[in-house]
Every structure is written in structure tokens, then in C-alpha cells.
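Subject: Structure handover

Hello,

Here is the structure for you to take over. My notes on it follow below.

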Amino acid sequence: MEHPERILILDFGSQYTQLITRRVRELGVYSELHPFNFPIEEIRKFRPSGIILSGGPASVYEQDAPHSTPELYDLGIPILGICYGFQLISYQLGGQVDTFARKEYGPANVIVDDTSDLFAGFVPANGSSEISTPVWMSHGDALTKIPPGFQVLAHTANSPICAIRNAAKKIYAVQFHPEVVHTPKGKVILRNFLFTIAGCKGGWDAGSIVDRAVDEIRAKVGTQNVICALSGGVDSSVLAVLLHKAIGDQLYCIHINNGLMRKSESEQVTRLYRDTYKFNLDAVDASDIFLGKLAGVVDPEQKRKIIGLTFIEFFDREAKSIGNVGFLAQGTLYPDVIESVSFRGPSHKIKTHHNVGGLPDRMKLKLIEPFRELFKDEVRAVGRVLGLPEQLITRHAFPGPGLAVRIISDVTPEKIRIVQEADEIFIEEIRRAGLYESMWQAFAVLLPVQTVGVMGDQRTYDNVIALRAVHSLDGMTADWVHLPFELLGKVSSRIVNEVRGVNRVVYDISSKPPSTIEWE
Ligand code: XMP
């Protein structure tokens, strides 16, 4: 998508780099993250309103330390360096960076010496003559001599140089991290950089994303048809509604029920999109075929492979029955696109979409991926602008291979029934407790063990259900949710009483890493 105002963020490997991208977007300016060695021609082509150099774990003077091209400083584009970015700017422009005698990790107080631009709006606390503000530090090196043409804007008790400016070149840098919540006024600094220094106007929000995406989709698609796999999850739902707004009946959605969805999910999807939204929706019940192919398969990767291939087979077959198809729409998100493992680009590793990987080549379709630039919460915001039901927008993530990876053994219709019913009770009680939206995901897992129990004087030998609830920002790392004991007790008792075949419930208290969110 073309954005009139764009901030370029160069990644030097800090764990907070994605946060900078998000903060800038939260302030209403579109931003993109690229590796530190993004070529100068690409930077020119990108036409950024401003450039932010991120933090990173290296020392600027080390061999192999990541350096961007110094030509960056002659582009006349405002620059803000953060942490490593601060040291790099200083080093490349003639300052002196040395190992800091006292490493600074964690909270610190910065004294602001100049409030004319980057620190505009900072005032002394009542009764104080000094402007002191808490910040988050994380550095082992320090600037001992500022580069020519720069002046100091802030200091701490430990480091006399903590923020610098070259007013003529509009180059700014701070030693601390304004993007993290532990720097409470960090957003003010970023806002000052974006609006006062880089001259941005803002206005990038979900509404503007929708308007622009609709125009672009129309222009790209012309008179051809677009197909879209609609699972009913957040991403595919928002995608389908956006496409429908753009091209109406030129959109053909295909919903394949693989028999591994949550209880009644397939019926709900069909009802909502075919009956309420009046989409062209081809709903295929392929449960018997999927379950037939999965019979006796225990290995998780084998399950995934079978489900993926069978999905493609069906999707392909259904798509062929629709004429004049030129495009395949996919809900690829920004975190799938950006280099998440190594910041040492330039090759961008792009994950293929879990469910439709392999399709485009074979079907010779062009891709439409309107969310390639968006984070999940931004997709949710787009969904709200498009008027999707809140329940759908806030729905927990669900894996493509569905319940197959939550049944820790071979998949049978009976095991699917057990895990579906247990899951429904767990989610119902979490919703009742008002906790559903406070977590990333919650679900039930059926374990491959039977244990002894006693029910109404009868000995039982039945299945174990494990419950899992996690907090996470993006699914990459996760923490287990400290659910109230009363809630766990209630869920356990309901599952054992209401789900035939279960006599024991356990709660998973592992985080990711070292565990994963799903059990398989
Ligand atoms: P893990 O289990 O890898 O999960 O910690 C991270 C997030 O991804 C979801 N997940 C999947 N989603 N196809 C998907 O579409 C898959 O094969 C798959 N495996 C895991 C998982 O639910 C969690 O939100």
C-alpha cells in the first residue's frame, strides 16, 4: 500500500525493535521495519519522512558490528537513534564510544537540559528546578565525546551525554529506550520526533487502512474473481469482509469443514457469511475424508502434512468450479513477513501461510494480501471499522490443523467429541468470569492416558483432559494464565460430570519457551 507518510525503522537486533514500529503506528504514522543494511537506493525509494535506528546488542566498535551506510546522514531526512542507534550515529559521525565503566540496565533518571524540540513538553516536577524523567536503560557502552556539530540535550548522574542533537542535519539520538512502557514519557519523545521534527501529520488508522485497501483491491482485481479460504478465524473473516466491501460478488469464499473445528463452528461460519452477509460461499463438509486420512496417524508432523495436503486438494477442486479466477486472497500478517529470526537481512524470510502454502504456484493465481503490513491488533481494528461482531474479532487464535493437534494420539470422532465438549465448557466458564478477552488463548487437550477414578461407587478408567490458558503478545512467547482456583475447580467438576469419557482434569503451568502453546 502507498502511504503518504512513512517512517523507516532500521533494525540492529534489539528485542524492542518491533515495539518501535508499533509505537509509531499507534501515534498515527505508518512505519516499516527493515534490516540495518537496507540499501541506500531502497531507502531513497522508500521516501521516509523520518528514519529511526533501533537498539541492538552489539558494540559499535567491534568487528562485524552492524553498521548502516553513513550516506544515510546526508539524505536530509530527520533521524532518531535509539540506544545502539545513538552510539552508531555518534561513532560514524566522529564521536567517541567506549566501554562504560558501569553498565546500565534497567530504570534510570534522565535530567533534561534542553526542551526546545525532542523534549518539548517536559517540565520540572513541583518545587524542583530540574527536569527529571524516568527512562529505561540497557547499554554497556557510553558516549565519551560527542560528534562535531552536535549538542547535549540530556544527561544522567552516570552518563553526562544521554541525548544529542545536530539541529542543522535534524539528527537526534537518545541513549535510553523511549519505546518501552518503563519510559513513561517515551511516547512524548517519539511524538515530538514524528510531528515536530519530521513534520508528519498523522492520521494513519484503521479507517484510513480500509479506505486505501478497498481502492487498491478494486484497481488490482479489475473484472476478475478472487477466491478466499474462509476458516471463520479473525484474519480470514476480516479479510473476507474487506474484500467483499471492495469487490462484492467477485469474491468467492470457500469454507472447508475438516471435522477438526471447535464445536458447531462450521455451522456458525456458514450461517453468518452465507445467510447474514450474503457472500458467495461454498461450504464443503469434508470431515469424513479428513478423518479417514488421519485414521491411525499419531505423529504430529504427519497429521499436519495430511491436513495441509487434503486442504489443498479440496480447495483446488472447489476453486476450479469457479470461473474467471485471477487472484487468491491470503491473510498474511506483518510478523509473518518481517525478518523475525535474523535482523542481518537483506533476504526476507517469508513464512508461507499455514493453510494454503503451496497453492499459488500450482494454481497460477496472483496473491492479494491486504494485511501484509499489519499487526494482529491492527487487523482487529480493521474488523471493527468494518462492523464485524465483537465476539468474532476478539476470538482466540486457533491452529490450522485444528483439534488434531490437541488430541495427543490418533484422531477419532469420539476423541473429537470429548475435546470439543471439554473446550466448550472451559471457554464458557472463562467468558462467564469475564476473563476471555484478557488472554491470548485457552483450550482443552485430550491426553493419551486413562486413569482410575470413582464415580457414584463405580470404578472408572477414563480419559484425562489438560486445560491450557496463556497470555501472549504474538504467540512467539507465552506465559500461563494464573486462573483463579475457584474457576479451575468449577471447570474441572463440570467437565468430569458433563463430558462422557473424562474422569480427570489437569492444568498446564508451562510457559513458552521451553514449551509451546499447542501440545503438538
Ligand atoms: P505454538 O504451539 O507453536 O503456537 O506455540 C503458537 C501460535 O500458533 C498457533 N498454531 C498454529 N496455527 N497452524 C496455524 O494456523 C498451525 O499448524 C499452528 N500451530 C500452532 C497456536 O494456536 C498459537 O496461537
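I start with the ligand: one of its nitrogen atoms is 2.8 Å from an N or O atom in the side chain of Arg304, a distance that falls inside the polar-contact limit (a pair of N or O atoms within 3.5 Å; within protein, one must be able to donate a hydrogen and the other to accept it, and residues adjacent in sequence count only if both atoms are side-chain atoms). A ligand oxygen is 2.6 Å from a polar side-chain atom of Lys512, and a polar backbone atom of Ile517 lies 2.7 Å from an oxygen atom of the ligand. The ligand exposes 490 Å² when taken alone, and the protein buries 81% of that; accessible areas come from the Shrake-Rupley method with a 1.4 Å probe, and for residues only the protein chains shown count as cover.

There are 13 residues around the ligand, of which Arg304, Gln441, Lys512, Ile517 and Glu518 come nearest; a residue is near a molecule or strand if one of its heavy atoms lies within 4 Å of it. By class the shell has 5 nonpolar, 5 polar and 3 charged residues. Here Ala, Val, Leu, Ile, Met, Phe, Trp, Tyr, Cys and Pro count as nonpolar, Asp, Glu, Lys and Arg as charged, and the others, Gly among them, as polar.

Before the rest, the conventions. This is a predicted model, in which local features need pLDDT of at least 70 and side-chain atom pairs count only at pLDDT 80 or more, while totals for chains, interfaces and linings use all residues. Residues are numbered from 1 along each chain as its sequence is written, and side-chain values use heavy atoms, with hydrogens and water left out.

Two cis peptide bonds follow one another at Lys512. The bond from Lys512 to Pro513 is cis with omega near -15 degrees, and the bond joining Pro513 and Pro514 is cis with omega about 10 degrees.

On the overall picture: the chain has 15 helices and 18 strands, taken as DSSP runs numbered from the N terminus (helices H or I, at least four residues; strands E, at least two). The domain assignment gives domain 1 (7-197), domain 2 (206-393) and domain 3 (406-507); such bounds come from an automatic or database assignment. Between the C-alpha centres of domain 1 and domain 2 there are 39 Å. Along the principal axes, the C-alpha atoms fill a box of roughly 80 × 65 × 45 Å. Of the 520 residues, 56% count as buried (buried means under 20% relative accessible area, exposed over 50%, partly exposed in between; 1.4 Å probe, protein chains only). Among contacts in the chain (heavy atoms within 4.5 Å) with a separation of 6 or more, 75% are between residues 24 or more positions apart.

Some individual sites:

- Asn503 lies in strand S18 (residues 502-507) and is buried, at 11% relative accessible area. Its side chain makes a polar contact of 3.0 Å with that of Thr460. Beyond four places in sequence, the contacts of Asn503 include Thr451, Met455, Tyr461 and Val496.
- Arg417, in helix H14 (residues 413-432), counts as buried at 16%. A 2.7 Å polar contact joins the side chains of Arg417 and Glu414. Leaving aside neighbours within four places, Arg417 touches Val499 and Arg500. The C-alpha atoms of Arg417 and Lys263, 154 residues apart along the chain, are 8.2 Å from each other.
- In helix H12 (residues 376-385), the buried residues include Val379, Val382 and Gly383. Their cover includes helices H1 (17-26), H5 (206-221), H6 (234-247) and H13 (390-393). Just after H12, Gly387 takes a positive phi of about 80 degrees.
- Ser264 is not a glycine but has a positive phi of about 60 degrees. Ser264 sits in the loop between strand S11 (251-257) and helix H7 (265-276) and is partly exposed, at 33%.
- Lys278 also has a positive phi, near 55 degrees. Lys278 is in the loop between H7 and strand S12 (280-285) and is exposed, at 59%.

Regards
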